[in-house]
Amino acid sequence: MKKAGFTLVEMVVVVGVTGIIMAAITGVLLNSFKTKNRVNVADLVEQNGSMLIAELRKNVVNGVVSNCLGPSVKVLNKSDQGITTISCAGNKIASASGIPSVSVDLSGSNVTVDCTDSAFATCTTVGGKITKVVFTFTLSGGSAVAGPANFVEKEFVTEVATRD
Amino acid sequence: MSKNNRGQSLIEVVVGVGIMALTLSGVVALMVFSMGARSKGIDRKKASEVAARVAERLVEQRNSNPAGFWGNLNNQIGTIDGVGYNAIFERKINSTDPGCSSIAEPPTCVNVSIGVTWGDPTSPQEYKIVRYFTRY
């Protein structure tokens, strides 16, 4: 009597088909891991950008812009009369107050600020008075070396009308 | 070989393949949906940024050139960073604001709704903000 069981050909076919299915699933999974990385980095960049925009806006809205020199802008705070200089230099956006203890590095440590590609602050002047400040900066996160899936770069532009 | 070892019947195979197809289509639909949701989120963020910039430009115009602003309350259409927007000026009576006169010429208040639309023209997405301007 012939013994029941699988022939070599059957086994080869089964293993082959399983292999193809596994390869397809692995491809999808790898892709989703890459996407997850990219989403994390993009979120980091977006959050830092929003935080910076809010901070820049707050300074302009609550102050009188007295000086607008491309990489930096000087704002006189209306409530405490202190002058704050906000600048984009050395890969960070920082606000330096007249009081050194409240000077802060506004950009987070996990993102890189590009201050070179365009003027950080551009002002519109009407009749000798600064009426609008446009801030432009580029944030990037992740590692460019690790490939495009891990690297996100975004240019943020915000326009703030002065309220003095 | 025993007699009942004759493989699957056609019905069994059809049912099996059918169930597999259903499962796979579910998985694929989920993936397509998650990709679409993400790109919609990005477009929405961009639209809100553009709308905020338009509002800020109007505030600047109102502050720096009030006569020009109130003398020209026409709807505006424009583009910022390749994203189109429209600003609709409405002379609206605001019952909670007694100082507002929409019939004065120019009116003492105006409601501006700034809309940004994007996506497929047959089913466009819209983001809208409204800003209220007064001149008193």
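Residues are numbered from 1 along each chain as its sequence is written, and chains are lettered from A in the order in which they are written. Because the model is predicted, local features need pLDDT of at least 70 and side-chain atom pairs count only at pLDDT 80 or more, while totals for chains, interfaces and linings use all residues.

**Chain B**

Helices (H or I, at least four residues) and strands (E, at least two) are DSSP runs, numbered from the N terminus. Helix α1 of chain B covers residues 10-64, 55 residues in number. From its first C-alpha to its last it reaches 80 Å, close to the expected 81 Å; the expected span is 1.5 Å times one less than the number of residues.

A residue is buried if 20 or more other C-beta atoms, placed from the backbone, lie within 10 Å of its own, exposed if 12 or fewer, and partly exposed in between. Among the buried residues of α1(B) are Ala47(B), Val50(B), Val54(B) and Leu58(B). An α-helix has 3.6 residues a turn, so residues three or four places apart point the same way.

Chain B also has an open sheet of four strands in the order β1-β2-β3-β4, with antiparallel pairing; two strands pair if DSSP finds at least two bridges between them. Strands β1 (76-80) and β4 (125-134) of chain B stand at the edges with a single partner strand each, so one side of each has no neighbour in the sheet. Helix α1(B) lies across β1, β2, β3 (109-118) and β4 of chain B.

**Paired strands**

| Pair | Bridges | Residues opposite each other |
|---|---|---|
| β1(B) and β2(B) (residues 83-90) | five bridges | Gly78(B) and Tyr85(B) |

**Chain A and the interface**

Ile53(A) lies in helix α1 of chain A, residues 8-61. It counts as partly exposed because it has 18 C-beta neighbours inside 10 Å. Leaving aside residues up to four places away in sequence, Ile53(A) touches Phe156(A) and Thr158(A); a contact requires C-beta atoms, placed from the backbone, within 7 Å.

Between the chains, nine residues of chain B are in contact with eight residues of chain A.

Note on methods: Contact = placed C-beta atoms within 7 Å. Axes fitted to C-alpha atoms, helices over the stretch in contact; angles between N-to-C directions.
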